[in-house]
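Please consult the sequence and the coordinates alongside the text.

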Amino acid sequence: MNILFLCHQLTGGGAERVCADVANGLSRLGHKVAIMMDTSIAIVYPVLPDVQIYSCPERKGNSWIMYRIKIFWKILEVLKKYKPDVIVSILYFHATLAKLASMLVHKCLSLIHISEPTRLR
C-alpha cells in the first residue's frame, strides 16, 4: 500500500516524532511510505532510507496566502507523482488541502487526520 504522510516538519514536537515513527514502522512492514513536509527545514527525527521525503521550497518573502497556495500545488504534484492509497494528515490545514487536491486528481483517497486534542482550561 502507498501511504503519504503530510506534516509541517520533522523537527521538534510530538506529532512530528509520531509521524516519523509510524512512517518507519509501516515501511518496515513492507508498505511504500512517503512524507511531505511544508517546509524544507533539516530533518531531526530519524527516517528510514526507503521512506521518500518531499518538501516545499522556503517561504522567502511570499505572503502567507501565496505560500499556502504553493503548499497546495506541491501536495497536488506529490499526489500525481506518488499516487498514494492513503493520506495521513498530521494537522487540520494539511487535511483540508489534501482533500481538495485529491478531488482535482479525480481520485477518492482515504484520508486520516491526526490532530492535537482540545485542551481544557
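Lys-74 counts as buried, at 17% relative accessibility, where buried means under 20% relative accessible area, exposed over 50% and partly exposed in between (1.4 Å probe, protein chains only). The model is predicted, so that local features need pLDDT of at least 70 and side-chain atom pairs count only at pLDDT 80 or more, whereas totals for chains, interfaces and linings use all residues. Residues are numbered from 1 along each chain as its sequence is written, and side-chain values use heavy atoms, with hydrogens and water left out.

The side chain of Lys-74 forms a salt bridge with that of Glu-77, at 3.4 Å from N to O; the term denotes a side-chain nitrogen of Lys or Arg within 4 Å of a carboxyl oxygen of Asp or Glu. Under this rule the count is 1 salt bridge. Side chains of opposite charge can pair when their charged atoms come close. Lys-74 and Glu-77 are separated by about one helical turn because they stand 3 residues apart in helix H2 (residues 64-82).

| Residue | Relative accessibility | Class |
|---|---|---|
| Lys-74 | 17% | buried |
| Glu-77 | 45% | partly exposed |
| Tyr-54 | 8% | buried |

**Overall fold**

The secondary structure comprises 3 helices and 5 strands; helices (H or I, at least four residues) and strands (E, at least two) are DSSP runs numbered from the N terminus. Along the sequence the pattern reads β-α-β-β-α-β-α-β. Of the 121 residues, 39% count as buried. Contacts (heavy atoms within 4.5 Å) with a separation of 6 or more come to 60% from residues 24 or more positions apart.

**Nonpolar cores**

A nonpolar core is a set of buried Ala, Val, Leu, Ile, Met, Phe, Trp, Tyr and Cys residues joined through side-chain atoms within 4.5 Å. The largest such core has 18 residues, of which Leu-4, Leu-6, Met-36 and Ile-75 touch the most other members. At least two residues of this core come from each of S1, S2, H2 and helix H3 (92-104), and H2 gives the largest share, 8 residues. Another core of 15 residues lies apart from it, with Cys-19, Ala-20, Val-33 and Val-86 among its members. Leaving aside neighbours within four places in sequence, Leu-6 is in contact with residues including Met-36, Ile-75, Ile-87 and Ala-98.

**Helix H1**

The buried residues of H1 are Glu-16, Cys-19, Ala-20, Ala-23, Asn-24 and Ser-27. They cover an arc of only 120° around the axis, which puts them on the same side of H1; the arc is that of the directions from the helix axis to the C-beta atoms. These buried residues pack against strand S1 (2-7) and strand S2 (32-37). The face turned away from the buried side carries the exposed residues Gly-14 and Arg-28. Just after H1, Gly-30 takes a positive phi of about 100°.

**Tyr-54**

Tyr-54 belongs to strand S3 (residues 52-55). Not counting residues up to four places away in sequence, Tyr-54 touches Ala-34, Ile-35, Met-36, Met-37, Val-78, Lys-81 and Tyr-82. The C-alpha atoms of Tyr-54 and Asp-38 are separated by 8.5 Å, with the two residues 16 residues apart along the chain.
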